[in-house]
Amino acid sequence: MILNIRPAVLSQIGEIIAAYASSLGATAEDCAVSAEYFAKSIESALLTAVITCDRVVRGVVVCESSPIPEGCEIISVNIAEEYKGKGFGRKLLFFALREMRAMGCKSAFLWVKEGSTAAERFVRKIGFVPDGKLRASGERNGSCELRYRIDI
């Protein structure tokens with residue numbers, strides 16, 4: 001098994017959508033995220049990176065600038081379902097944090113859906129801590145997201 005993490009390129013959009021959809025338990029055909037979304041993030045986000053296993057994209061991370069001075073926001077970390085629990089998410093997130101630090105960011109934050117125990121456990125193991133900020137998740141059930149932050 002050969003792992004590689006690097007910035008994403010436009011030619012990988014099909015594989016990125018497949019990995020993203022798999023992370024949600026869906027197929028690429030059923031995925032609501034479009035190729036245009038990932039093309040835009042590859043071209044304009046601070047970082048869109050992929051983790052590959054044997055040259056096939058198995059996960060993606062998207063980082064953007066944030067309103068927090070010298071900060072960045074990790075918009076998403078998605079790992080294909082069959083590769084979850086194997087360290088791919090941790091490796092991809094650490095890569096993103098190193099890249100953001102190299103770009104001059106001093107802190108990073110991300111949002112976790114309240115009650116999502118697996119996601120909360122994952123980000124806490126990395127070193128993120130809740131900073132007390134909440135926002136509506138945008139879902140119809142009225143759920144909230146909690147912001148987690150880490151100094152980098």
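Student: Which residues lie nearest the centre of the largest pocket?

Tutor: S76, V77, N78, A119 and F122 lie nearest the centre, out of 35 residues that line the pocket. A pocket here is an open set of points on a 1 Å grid over the protein atoms alone, where a 1.4 Å probe fits, with protein on both sides within 12 Å along at least five of seven lines; lining residues have an atom within 4 Å of a point. Keep in mind that this is a predicted model: local features need pLDDT of at least 70, side-chain atom pairs count only at pLDDT 80 or more, and totals for chains, interfaces and linings use all residues. Residues are numbered from 1 along each chain as its sequence is written, and side-chain values use heavy atoms, with hydrogens and water left out.

Student: How much space lies in that largest pocket?

Tutor: About 1,300 Å³. That volume is the space filled by probe spheres set on the grid points, which are joined across faces, edges and corners.

Student: And which elements give two or more residues to the lining?

Tutor: Helix 1 (13–23), strand 4 (71–79), helix 3 (88–102), strand 5 (107–113) and helix 4 (117–126). Helices (H or I, at least four residues) and strands (E, at least two) are DSSP runs, numbered from the N terminus.

Student: How do the lining residues divide into nonpolar, polar and charged?

Tutor: There are 17 nonpolar, eight polar and ten charged residues. Ala, Val, Leu, Ile, Met, Phe, Trp, Tyr, Cys and Pro count as nonpolar, Asp, Glu, Lys and Arg as charged, and the others, Gly among them, as polar.

Student: Switching to rings. How many aromatic pairs are there?

Tutor: Four. One of them joins Y83 and F88, a tilted pair at 5.2 Å centre to centre with 40° between the planes. Rings of Phe, Tyr and Trp (its six-membered ring) pair if their centres lie within 6.5 Å; planes under 30 degrees apart count as stacked, over 60 as edge-to-face and the rest as tilted.

Student: Are Y83 and F88 buried or exposed?

Tutor: Both are buried, where buried means under 20% relative accessible area, exposed over 50% and partly exposed in between (1.4 Å probe, protein chains only). Y83 also has K86 over its face, 5.9 Å from the ring centre. For a charge to sit over a ring, NZ of Lys or CZ of Arg must be within 6 Å of the ring centre and within 35 degrees of the ring normal.

Student: Which ring has the charged end of R147 over it?

Tutor: That's F109, with R147 sitting 4.9 Å from the ring centre. Y20, Y37 and F38, for their part, are linked into a cluster by ring pairs.

Student: What about the backbone of D54, what is its phi?

Tutor: Positive, about 50°, although D54 is not a glycine. D54 lies in the loop between strand 2 and strand 3 (56–65) and is partly exposed, at 45% relative accessibility.
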